Amino acid sequence: MSEIQSRDIYHGLPVISKDIKRLTAIVTGANGISGNHQLKVLCENPRRWQKIYALSRRPPHGSWPEHVEHISLDLLQSPENIAAELAKRGVRADYVFFFAYAQPTPKDGEAVWSTDELVVVNKKLLFNFLDGLELNNTIPKRVLLQLGGKYYGMHLGPTSSPQEESDPRVPGGLNFYYEQEDYLKAFAEKHQIGWNTTRPSHIAGAVPDAAMNLCYPLAIYATVQKYLNQPLEYPSDIKAWEAVVAISSARANGYLAEWIVLTEQAKDESFNASDDCLFTWEKFWPKLAERFQMPWTGPDTSDEASYETVIMPHDPPRGYGPPGAFRYRFRLASWAKRPEVQKAWAEIAEKSGLDEKEFRDIDRVFGFTDIAIAMNYSVCLSTTKAKKMGYFGFVDSTESILRVVEEFVGLRMLPPLP
């Protein structure tokens, strides 16, 4: 029987053989939520990972041990330029963890996850990188590519639940994940190496870049509401309040990814990445309010309640039933634009010496959390496949999110918590 262990709030983690050692890794997107936490996971065992190349345009935040080498690299440049930089730095790698991702600001009327630019840019990031590896003859044993829940079409409406790795692709719509996965598989077949993909849901983690971060807008919302002596009001309806959704903590995803690439049985397979913990806003909301020592209110279920309904312009990915529809009493992106809110944040930031004295890119940053809060259909990423292969890692999602909120304080992105 495989041994398991706990590391801080993360439990059921595999004990990886001490005989696996002196490995080299490349982590792309190293300054993002996922890449940053993958670095942290690999750095827990320097005997196993003796050299780690952290690839990103900007250095990953924080202090890192000497065996982590940052290479400033824009993956939107040509494969030839990428190969030249890798050659100049003498990069070789046993394993690659690919987390590079770009989220362009949507134009007016465009959905956050369904823009033409989003598709073009993210395809280029992977294609250019893999082509650069080939030109430099840097061919690893395995490449792991992080995809996401959009693989199942959950950004388009209700999907069949639980979401399983064997589910068919969703036809139609803009989804660069499929083209990325196909390109990786072709690269692996050409070079006779292994590939993996992972599919997380809403990712919880603390890094300075707040884009695509579920937790930071929530923390700002609670901070300002408390400052204004207002309750923590839930923005959506009873269906979203009660819906079971999967949270995918970045550190937990990192432990899973490390196990995947080092497990022969997992070669050439896709895996869901989730906390393996039941989560609802109904259970979480009071605990968030308690952490900030403030009152809260849930969804308004009265006959007089006024909601904005946004009907999704797609057939549901599961192929039957009505299209998805999100309902809002208000949106966090609109809340963040209120003059009294911006004035309050400026006062909070000045008093606490925070790095950002005003909100930036409101629609992109707060819009992501607006979608997550109002998602009123089941997002239950099955972890059965990983368990059958011997992986049992999990974390309490509520505990993880509250830990992330506390970490924002250390990053000077939030004032000290009550």
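This is a predicted model: local features need pLDDT of at least 70, side-chain atom pairs count only at pLDDT 80 or more; totals for chains, interfaces and linings use all residues.

Trainee: Which residues of helix 8 are buried, and what makes them line one face of the helix?

Mentor: In helix 8, which spans residues 281-291, the buried residues are Trp281, Phe284, Trp285, Leu288 and Ala289. Viewed down the axis of helix 8, these buried residues fall within an arc of 135°, so they line one face of the helix. Lys283 and Glu290, on the other side of helix 8, are exposed.

Trainee: What covers the buried residues of helix 8?

Mentor: The cover includes helix 5 (215-227), helix 6 (238-242), helix 11 and helix 13 (397-410), together with strand 10 (232-233) and strand 13 (296-297). For Trp281, the contacts beyond four places in sequence include Leu214, Leu218, Tyr234 and Trp241, as well as Ala372 and Ile373.

Trainee: Which residues touch the most other members of the largest nonpolar core?

Mentor: Of its 65 residues, Ile220, Trp281, Trp285, Trp335, Trp345, Phe366 and Phe408 touch the most other members. Among the elements that each supply at least two residues of this core are helix 8, strand 15 (325-328), helix 9 (332-335) and helix 10 (339-352).

Trainee: Why is Phe366 called buried?

Mentor: The term buried requires a relative accessible area under 20%. Phe366 has a relative accessible area of 2%, and therefore it is buried. Phe366 lies in helix 11. Leaving out residues up to four places away in sequence, Phe366 touches Pro217, Ile220, Leu332, Ala333, Trp335, Ala336 and Phe359.

Trainee: Why is Thr383 also called buried, and where is its place?

Mentor: Thr383 has a relative accessible area of 12%, and the limit for buried is under 20%. Thr383 is therefore buried. Its place is in the loop between helix 11 (362-374) and helix 12 (384-388). Beyond its neighbours within four places in sequence, Thr383 is in contact with Ser274 and Asp276.

Trainee: How do you know that the charged end of Arg199 sits over the ring of Tyr151?

Mentor: The charged end of Arg199 is 3.7 Å from the centre of the Tyr151 ring. The distance limit is within 6 Å, and the charge must also lie within 35 degrees of the ring normal. The charged end of Arg338 likewise sits over a ring, that of Phe330, at 5.8 Å from its centre. As for pairs between rings, the structure holds 26 aromatic pairs.

Trainee: What makes the buried residues of helix 2 line one face?

Mentor: In helix 2 (residues 79-88), Pro79, Ile82, Ala83, Glu85 and Leu86 are buried. Seen down the axis of helix 2, they fall within an arc of 165°, so they line one face of the helix. Glu80 and Lys88 are exposed on the other side of helix 2. The cover over the buried residues of helix 2 includes strand 4 (49-56), strand 5 (68-72) and helix 3 (116-135).

Trainee: Which residue follows helix 2 with a positive phi?

Mentor: That residue is Gly90, with a phi near 65°.

Technical notes:
Residues are numbered from 1 along each chain as its sequence is written. Side-chain values use heavy atoms; hydrogens and water are left out. Rings of Phe, Tyr and Trp (its six-membered ring) pair if their centres lie within 6.5 Å; planes under 30 degrees apart count as stacked, over 60 as edge-to-face and the rest as tilted. Helices (H or I, at least four residues) and strands (E, at least two) are DSSP runs, numbered from the N terminus. Buried means under 20% relative accessible area, exposed over 50%, partly exposed in between (1.4 Å probe, protein chains only). Contact means heavy atoms within 4.5 Å. The arc is that of the directions from the helix axis to the C-beta atoms. A nonpolar core is a set of buried Ala, Val, Leu, Ile, Met, Phe, Trp, Tyr and Cys residues joined through side-chain atoms within 4.5 Å.
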